[in-house]
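Subject: Structure for your review

Dear colleague,

Please find the structure below, followed by an account of what was found in it. I would be grateful if you could read the two side by side.

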There are 2 protein chains.
Amino acid sequence: MNRQTDPQPNGASDFASTPVGDDVRTDHQSLRRRIREALGRDRAGMAVGLLRRMLAADQGILLQRVSRAERGRLVALIPRRELSDILDEAPTPAAATIVEELPPERAADLLDDVDSHTVADILQELPNERADAIVAELERPQDVVPLLQYPPDTAGGMMMTDYPRVRHDVTAGNALDVLRLFGEDAEGFGWVCVLNDRRRLVGAVSITQLALATPARSVREITEEHGHRLVSVSPVTDQEEVHRIMARYSFSIVPVVDDEQRVLGVIRAEEAMYVGEEEATEDMLRIASAPGERVFGPLHLSVRHRLPWLVLNLGTVLVAAAVISLFESTIAAIAMLAVFLPVVAGQGGIAGTQTVTLVVRGMAVGEVPAPTGLRLLGRELLLGLLHGMALAALAGALGWLWKGSPGLGIALAIAMVGNLLVAALTGAGVPLLLRRLGIDPAVSSAVFVTTFTDVLGFLIFLAAGAFFVTWLG
Amino acid sequence: MNRQTDPQPNGASDFASTPVGDDVRTDHQSLRRRIREALGRDRAGMAVGLLRRMLAADQGILLQRVSRAERGRLVALIPRRELSDILDEAPTPAAATIVEELPPERAADLLDDVDSHTVADILQELPNERADAIVAELERPQDVVPLLQYPPDTAGGMMMTDYPRVRHDVTAGNALDVLRLFGEDAEGFGWVCVLNDRRRLVGAVSITQLALATPARSVREITEEHGHRLVSVSPVTDQEEVHRIMARYSFSIVPVVDDEQRVLGVIRAEEAMYVGEEEATEDMLRIASAPGERVFGPLHLSVRHRLPWLVLNLGTVLVAAAVISLFESTIAAIAMLAVFLPVVAGQGGIAGTQTVTLVVRGMAVGEVPAPTGLRLLGRELLLGLLHGMALAALAGALGWLWKGSPGLGIALAIAMVGNLLVAALTGAGVPLLLRRLGIDPAVSSAVFVTTFTDVLGFLIFLAAGAFFVTWLG
C-alpha cells in the first residue's frame, strides 16, 4: 500500500481515482516530458512537484529512467519520508539504481523505513562492498541480514520478518496493544499470527476479530473459535510454489517456518502477485530459446541470451540436412520431392509446438502430476493420429493433384501421419523426460522437438517418396 | 481464507502446517484412494472423515473428480457450513458441478454464505433456468444479480459487493460497530473503504488504524492523517489490467467505481492472484496455435482447438512449397541445394520465435508502450543483423567445407543474414501491426512469422544458390 501523508501537490483528494491502461501511460508520458523540460530549464523544484503527482512505484521507475545527473538533482529534493516510500514500492532494479548512488549512511537512513524483505532484495542487487557498507549503517541490521542468505525468488527472500504476531496466552486487549507497537507496519495485514511460548505457530486470527472481541477474552479462545488452517512453507521453497499455494487457496498470508515450525516470517498476497506473471514469462522465453531476455535490455545481453541457442539450433538442423543429403541422388532424379520438404517440416513443427507448449505449461501450473504422464502421452499420440490422418487426406490429395503423381500423394500422406506421431511423442515425451531427470522442462523444448520432427519427418517422407514415386509415378 | 470451525478429524491443530509441492499431491493421492475405497465398501461416513482432512479448495476438486453417485453420497454427509466453505474456496467449475446437482433451495441456502462474486461466477457456469431458479431462492439476490451482468474476467465479475466500508463522518468507535455487522465477511480485509454521504470514495483506512485510534476520533481525521492513494477501476476493466495494477503497486485492494466515482465493489489481492498465471497461459497457447486448450480436456475440444491451425499452417507452408517449386529445375541440377533448405527454414524459424515471443510477452506485461514500437523494431533488426552475420560465417564455412562448393557457402551466408533480418522484421512487426489493428498480438503469431521466414528465406537462398553455385561451383 502506498503511503503519502503529505498533502497532494495537485490538490486532489488523498484517494486519487485514476483511469487505467493506456490513459495512465499517456498521462505519465506527458508528466515525464514536463519533468524533463523542467529539469532542462533548471527548475528542479517544479520537476519534483510534478514527480509527486505519480504513485510512488511510478516515481521510482521514472527516477531509474532519467540520467544519473537528473536523478541526483531530483532525489536531493524529495522529502526523506517520500523517498523511503519510493524505495519501498518501486521495482527492485529501480530502487537499487537510486540507492547505489547515495552515500551509505543516507541510503541506510532511508532503508530503515522500508520493509526488511525489500531491503534485502535491493541489497542483493548491489555490489557486495556497497551492500556491506549500507548494512553496517542500518538501525536494525538483524532484520535484514538473515534474509540475505535466501535468493530473492525463494520464500525466504519474499518474506517479511516484521509481521504482526501475538502470543496465544494474552488477552485481545493486550494483543491490540502489541499490534499498536507494530504501528504502520501492521497496516494492510488482515491477519495476525498466533504463536505459543516457543515461537511456534498455533494459528492465525484476523485483526478484525481481535478488534471486535471483548478485550478480556484470551487470544487462544478467539483463535480456537475462529481457527484457520493455512499451509506454511520453508524458507527455501521456490516462489512459484508459494504463488501456487496462494492462488489455489486464496490465502492472504503464507507463513514461512523453520524445521521446528518456528515462524521466520510471513509472505503477503500482494507481494506474491507478480510471481505468476514473472514465472510465466520465464517459461515462455525458455520454450522459445530466449531465456532471460528483456525487451529493452542491453544489446550485448540479448546477443548472449539468444545467439548460443541459434548456434545450437544450427547444429540440430544440420542433422536434418544430413538426412536429406542421404537422399541427394533421389532428389536429383525426383526434384519435386524437395518442394514438399517444408510441408513435412512445417506441419511437424507446429504440431510439436502445440503439444510441447501445452505440456510444459500444464506442468508449470500443476495440472500434470507425475503419475498422469503416461496418460498424457497416450492422449497426445491419439490426437496426433487423428490430426495426422486428417492432414494426410488433405496434403496427399494436394500433392497428387498439384504434381500429378499418386506416389507423391501417398508419400506425403504417410509422412503426415508419421510426423504428427513423432510430434506428439516428442512434444509430450521430451518435457516429461526432462522433468524426470530433474531438468526444467521448459528449457528450449521447442528446439529439441523440432529437431526430432525435422529429422524423422524427412526420413519418412524421402524414403516413402523414393519408393512410391518410383513405383507408382 | 479457509474456515474450518469444526474440530479437525485428524486431531491436528487448527493450523495445519503442511509440506508443499509433490508431497502435498502424493498425500492427496493416497487420501483420494482411501476415500474411494471407503465409498466402495459403503462406508460413506468414513469417506467424509477422510475428505475433511483436506483444505476446502482441495475437497471441492476431489468432489468434482469422483463420479456423480459418489459425489451425491459425500455431499449429503458434509455439514452445511463446511459445504458452503467448499463452494467458496473451490475452483469455479468444481463448485458449479456440485451446485448443479442440488435442489435449487438447498443450493441457494448454501450459497447464502458464499462471497457474492463467487456466487455470480458459479451461477454463470450453470444453464440459465437452473441459475434463475437458484437466484429466486437466495436470501439477498440483490447482492448477486448486479454481478451477473459482468463477465467473470472483468473487474465487475471479480469484485465483492459485501466489502467493509464506513462513512467518513462517523467516529472510529462507530466505525468498528459498523464493521462488527459485517462480521466474518470483514475478515481478511486489511483495509476499509471510506465513503462520503453520496457513496463516493474519499479514501481508505486500515482496520488496524481504526482499532488503534481513540474511539471518539472521526474517521475523516484518521483518513486524512493516514491517507492512501489507490487506483480504482471501472467494472468493465479487463482482469489483466486489474492484476497489472495490483502487481505494479502492491495494492491489497482495488475499488471498482462507476462513472460518478460511486463504489460498486472491491477486488482483493488474493482473488486476483490467479489472473497473471491464467492470462499468461492463454497468451502462451495462442502463440503456439493451441488457444483455449487444456491438458486433460475433452478430446473433441482439443481437435477443434488445434486442427484448424494445422490446416491453416498447411496453407501457409504450401506457399513456401510453391517458392521451391519455382526452382525445381535448379534443384534437379544442383540437388545439394535441397539439403540446406531445413537449415534456412530452421534458423529463420527459431530467430523469429525468439523475437515474436519476447515482443508479445513484453506487450502483455506492459513493457512495450505504443510509442516505443519503432525503437523495438530497430533494436530487433540490429540484433538480426548481428546474429545473421555470426551465423553466416558459421553456416557459410560449413556449407563450403561439407560440399566443397564456395558458391553454396556464399548462398548460405547470404540466406542467413537475409532470413534473420526477415525474422526480426516480422517477429517484431507482425505483433506491433496486429496491436495497431486492435487484434490480440498473441494470436498464432508464430505461424505468421514462420511463414514469412520460410517463404522469403527459401527465395533468397535458392536465388543466391542458383547464381553463385553456377558461377563459382
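Between them, chain B and chain A bury about 13,900 Å², of which 65% is on carbon and sulfur atoms; buried area is the accessible area (1.4 Å probe) that two parts lose on being put together, summed over both. This is a predicted model, in which local features need pLDDT of at least 70 and side-chain atom pairs count only at pLDDT 80 or more, while totals for chains, interfaces and linings use all residues. Residues are numbered from 1 along each chain as its sequence is written, chains are lettered from A and ligands numbered from 1 in the order in which they are written, and side-chain values use heavy atoms, with hydrogens and water left out.

The two chains

Chain B is superposed on chain A by a rotation of 180 degrees with 0.1 Å of shift along its axis, at an RMSD of 0.3 Å (least squares on the C-alpha atoms of residues with pLDDT of at least 70 in both copies). This is the relation of a two-fold axis. The same surface serves both copies, since 100% of the contact residues of chain B recur in chain A; contact means heavy atoms within 4.5 Å. Chain B contributes 155 residues to the contact, and chain A contributes 155 residues.

Across this interface, 22 residue pairs are in polar contact, both residues being at pLDDT 80 or more. A polar contact is a pair of N or O atoms within 3.5 Å; within protein, one must be able to donate a hydrogen and the other to accept it, and residues adjacent in sequence count only if both atoms are side-chain atoms. Helix α17 (residues 299-326) of chain B supplies the largest share of the side of chain B that touches chain A, namely 17 residues; helices (H or I, at least four residues) and strands (E, at least two) are DSSP runs, numbered from the N terminus. By class, that side of chain B has 85 nonpolar, 40 polar and 30 charged residues (Ala, Val, Leu, Ile, Met, Phe, Trp, Tyr, Cys and Pro count as nonpolar, Asp, Glu, Lys and Arg as charged, and the others, Gly among them, as polar).

Salt bridges

Side chains of opposite charge can pair when their charged atoms come close. With a salt bridge taken as a side-chain nitrogen of Lys or Arg within 4 Å of a carboxyl oxygen of Asp or Glu, the count over all chains comes to 42. Arg286(A) and Asp440(A) form one of these, at 2.3 Å from N to O. Arg286(A) lies in helix α16 (residues 269-287) of chain A and Asp440(A) in the loop between α22 (406-436) and α23 (445-472), so the pair ties together parts that are 154 residues apart in sequence. Arg286(A) is partly exposed at 21% relative accessibility, and Asp440(A) is partly exposed at 28%; buried means under 20% relative accessible area, exposed over 50%, and partly exposed in between (1.4 Å probe, protein chains only).

Four salt bridges are counted between chain B and chain A. One of them pairs the side chains of Lys403(A) and Glu328(B), at 2.7 Å from N to O. Both are partly exposed, Lys403(A) at 21% and Glu328(B) at 22%.

Within chain B, Glu241(B) and Arg244(B) form a salt bridge whose closest N and O atoms are 3.2 Å apart. The two residues are three apart in helix α15 (residues 239-249) of chain B, and are therefore separated by about one helical turn. Glu241(B) and Arg244(B) are both buried. In chain A, salt bridges that share partners join Arg200(A), Asp258(A), Glu260(A) and Arg262(A) into one network.

Individual residues

Most residues other than glycine have a negative phi, and most peptide bonds are trans. Asp42(B) has a positive phi, near 60 degrees; this residue is found in the loop between α1 (22-40) and α2 (44-51) of chain B and is exposed, at 61% relative accessibility. Gln261(B) also has a positive phi, near 65 degrees. Its place is the loop between β4 (253-257) and β5 (263-268) of chain B, where Gln261(B) is partly exposed at 29%.

Arg71(A), in helix α4 (residues 68-77) of chain A, is buried with a relative accessible area of 6%. Beyond four places in sequence, Arg71(A) touches residues including Thr97(A), Ile98(A) and Glu101(A).

Yours sincerely
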